[in-house]
Amino acid sequence: MNVVLRLYDFALPFARLADYGRPLLLLALRLYIASVFFKAGLTKIEDWDTTLFLFTEEYSVPLLPPLLAIGLTGRFAALGLTVVNAMALLAYPALWAFECPAAVQSHLWWGAGLLAVLAFGPGMLSVDHWLGRWRATR
């Protein structure tokens, strides 16, 4: 038991150091995933008629990437993008073909990142955190 306690005491400073890095990691994760979905949205703008059709009939989530990026309703935005990501994987069986393993892998990584934001929230470097602190002081 003594050895376990010594290991715990040894690891504690590293855990605290990791706690300081968590907000930066969550910010980087939010910005990366938001940029992926935002760039995908920009490609839709090339054909305005198709874009209007997709956003009125298919997607209905044009604000989620910016919300995720700034961390406003971060968990809600992550949940919405998780649904979009899952639907892309399920609705496009060509992604699962042997020709597109990198596309499937990308979607799985994006999903893992979104699940991290769902589990931990958007972090200290987010509008959600600042609004929470502001409300607590009122």
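Among contacts in the chain between residues at least 6 apart in sequence, 66% join residues at least 24 apart, where contact means heavy atoms within 4.5 Å. The model is predicted, and local features need pLDDT of at least 70, side-chain atom pairs count only at pLDDT 80 or more, and totals for chains, interfaces and linings use all residues. Residues are numbered from 1 along each chain as its sequence is written, and side-chain values use heavy atoms, with hydrogens and water left out.

The chain contains 6 helices and 0 strands, and its pattern along the sequence reads α-α-α-α-α-α. Helices (H or I, at least four residues) and strands (E, at least two) are DSSP runs, numbered from the N terminus. Of the 138 residues, 27% count as buried; buried means under 20% relative accessible area, exposed over 50%, and partly exposed in between (1.4 Å probe, protein chains only). The chain exposes about 9900 Å², of which carbon and sulfur atoms supply 72%. Accessible areas come from the Shrake-Rupley method with a 1.4 Å probe, and for residues, only the protein chains shown count as cover.

Two packed helices are described by the angle between their axes and the distance between the axes. For helix H4 (residues 74-91) and helix H5 (residues 101-120), the axes come within 9 Å and cross at roughly 155°. Axes are lines fitted to C-alpha atoms, for helices over the stretch in contact, and angles run from 0 to 180 degrees between N-to-C directions. H4 and H5 are therefore roughly antiparallel to each other; angles under 35 degrees count as roughly parallel, over 145 as roughly antiparallel, 65 to 115 as roughly perpendicular and the rest as oblique. The crossing of H4 and H5 is left-handed, meaning that the near helix is turned anticlockwise from the far one by less than a right angle. Residues of H4 in this contact include Gly74, Arg75, Asn85, Ala88 and Leu89, and those of H5 include Val104, His107, Gly111, Val117 and Phe120. By class, the contact of H4 with H5 has 13 nonpolar, 5 polar and 1 charged residues. Ala, Val, Leu, Ile, Met, Phe, Trp, Tyr, Cys and Pro count as nonpolar, Asp, Glu, Lys and Arg as charged, and the others, Gly among them, as polar.

Within helix H5, His107 is buried, with a relative accessible area of 13%. Leaving aside residues up to four places away in sequence, His107 touches Asn85, Ala88, Leu89 and Leu95. Trp109 also has its place in H5, but counts as exposed at 60% relative accessibility.

In helix H4, Ala77 counts as buried because its relative accessibility is 0%. Ala77 touches Leu64, Leu67 and Leu68, not counting residues up to four places away in sequence. Ala77 and Val117 are 40 residues apart in sequence, and their C-alpha atoms are 9.3 Å apart in space. Val83, another H4 residue, is partly exposed, with a relative accessible area of 47%. Its C-alpha atom is separated by 9.2 Å from that of Gly111, 28 residues apart along the chain.

Thr73 lies in the loop between helix H3 (64-70) and H4. This residue is not a glycine, although Thr73 has a positive phi of about 50°. Thr73 is partly exposed, with a relative accessible area of 35%.
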